[in-house]
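Subject: Structure handover

Hi,

Here is the structure you will be working with. Please open it alongside this email.

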Amino acid sequence: MCVLVIKSDKDGNPVRAKSRIVVLGNFEDRYYTKSQRYAPVLKYSSLRLLCSKAVSDKCILQQGDCKNAFCHARLPDDELTVVRPPVGDPEYNKDTYYGLRRSPHHWYNMFTNALKDIGLSPSPHDPCLFSGVVDPASSSATSAPDGPSLPTSTAATPLPSPPDMSESPAAIHVGIYIDDFVFYSTDPAQEQLFMDALKQRVVVDFMGPVDWFLGTAFTWKRHEDGNLSVFLSQSAFIDFTAHRFAVDRCKPVPHMTPYRSGIPIDSIPGPPKNDPDQKRRTKVYQSIVGCVNWVATCTRPDISPCLTFLASYNQSPSHGHYQAALHALKYLYSTAEYGISYHSDASNTIQAFNHFPAHHDKEAYDDATPPFTR
C-alpha cells in the first residue's frame, strides 16, 4: 500500500509531499502480545523537562532525524515475512518495513542499543529519556588518523600526561520520539562527539536548533544580558482544529474566556431520550474534546479546568454541551498565540494556592457532577 502525506512547517504551511510504500501488517497471521509489540515514545512532560533544563543551563536544544528508521532494523529468523512487492520495486530482504506489527519494537531496540553502546543510560522514569557521557572510543572522530609510525624510542619524545580527572566531562541529555530526537550538552565537544558516534550507527540528519518538534513550535531568543528564553506554542495545530470544526469562521475575541457567562458547563441539562442526532453529536464532541485535551496536555494548561468539565460528558453530550465545547475551541482559536515560556533568569521557587469553598456552599460541592447514564 502507498501512503501519501503532506508535511507542514511550524506555521501549518505545506512544505513537501511524502510517499511511502508500507506493508499491510494487518494481514500477518502471527500473534504478538502487547509486550512483544511495545515501543515507547517520549512523554511530552519529559520534553518540557528537557527544554526547561536546557534553558536553565543556557543551552539550545538540538534536533535530529533518523532517515527511513523502520527499514534499518533486522528481522529475527523466526519472523521472516514474504510480501509481494509493487511492480518495478526491488525484492524485499530481511529488514523490517513500515506496516509490520513489530517494526516499531525492533527499531526502538536498535536505536536504544545504539545509545547505550556510546555510553548513555535510560531514565528509570521515562525509557525514551537518555543521559550520560559519550565514550570517546565509540566515535572515530577521536581516533588517531593514519600516518607514520611512532618512534620506538621514548627518550626524545615525552609521554603524554594523564587526563585530568578532577573535573568530570559534561553529560549529554537525549529524548527520542520514534525516529526524531532532541539533545543538548553544556559542552559543545560532547555534542559533537555524540553526533559523530551516532552517525556511525544509524543514518541520521542533524537539523540544528529545535524549531518544530511534536507539533510544537520552538522560538529561541538570546538576550543582551546573556540569558536564554524559549517559547513553546501550538498555534498551527489550533488553527487546523478550528478550521476542521468551522470555528475559524467566527471572529476572534482576544480577551474572551473558555466559559460562557451565566451558563456553567455542569448545569447544562442532558440530552433527551431517543435523540436522533445523539450518535453523530457524540462522535464530533469526543473529537473536539480530544483535540482540546492534546493542547491542554502540551502547551495550554489554562484550558485544563474547562476540559475537565467537558470530558465528564463524553459519553452522552447534549446540544448545550456541544456548544460549550465549540466555545472552548473558539477561546483557543482567539488565543492561539498563547503558550509556555521558559527563561534562564526565572525564579525556581514555585508558588501554589489552593482554595476550598465554605462547607455551607452546597452548589460548589454538589453541582459539578457527571450526568447519570440513562
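My notes on the fold follow, starting with confidence and ending with a single residue.

This is a predicted model. Mean pLDDT for the chain is 84, and 85% of the residues reach 70 or more. One stretch needs care. Over residues 141-166 pLDDT stays under 50, and the model has five contacts beyond four places in sequence for that stretch. Where pLDDT is low, the predicted coordinates should not be read in detail.

Overall content next. The chain has nine helices and twelve strands. It has 374 residues, of which 37% count as buried. Take the contacts between residues at least 6 apart in sequence: 72% of them join residues at least 24 apart.

Strands β1 (residues 2-8) and β2 (residues 14-21) pair in the antiparallel sense, with seven bridges. L4 sits opposite S19 of β2. The two strands form a hairpin with five residues between them. In that turn, G12 has a positive phi of about 85 degrees.

Now the six-stranded sheet. It is open, its pairing is antiparallel, and its order is β4-β5-β6-β7-β3-β8. β4 (120-122) and β8 (204-209) are the edge strands, and each pairs on one side only. Neighbouring strands here are turned by 25 degrees against each other on average, direction ignored. Inside the sheet, β5 (residues 129-132) and β6 (residues 172-177) run antiparallel and are joined by four bridges. S131 has H173 in β6 as its bridge partner.

Two helices pack on this sheet. Helix α2 (residues 44-56) touches β5, β6 and β7 (180-185), and its direction makes about 25 degrees with that of β7. Helix α3 touches β3 (62-66), β4, β5, β6 and β7. The direction of α3 makes about 175 degrees with that of β6.

A closer look at α3 (residues 103-117). As background, an α-helix has 3.6 residues a turn, so residues three or four places apart point the same way. Just after α3, G119 takes a positive phi of about 110 degrees.

There is also an open sheet of four strands. Its order is β9-β10-β11-β12, again with antiparallel pairing. β9 (212-213) and β12 (339-343) stand at its edges. Each has a single partner strand, so one side of each lacks a neighbour in the sheet. Five bridges pair β11 (residues 228-233) with β12 in the antiparallel sense. Across that pairing, S229 stands opposite H343 of β12.

T216 belongs to strand β10 (residues 216-222). Is T216 buried or exposed? T216 is buried, because its relative accessible area of 0% falls under the 20% cut-off. Which residues does T216 touch, leaving aside those up to four places away in sequence? They are Y44, D211, L232, S233, Q234 and T299. With Y44 there is also a side-chain polar contact of 2.5 Å.

Best wishes

Technical notes
Residues numbered from 1 in each chain as written. Predicted model: local features only at pLDDT ≥ 70, side-chain atom pairs only at ≥ 80, totals over all residues. Heavy atoms only, no water. Buried < 20%, exposed > 50% of the residue type's maximum accessible area, 1.4 Å probe, protein only. Polar contact = N/O pair within 3.5 Å; in protein donor to acceptor, adjacent residues only side chain to side chain. Contact = heavy atoms within 4.5 Å. Pairing = 2+ DSSP bridges. Axes fitted to C-alpha atoms, helices over the stretch in contact; angles between N-to-C directions. pLDDT = per-residue confidence, 0-100.
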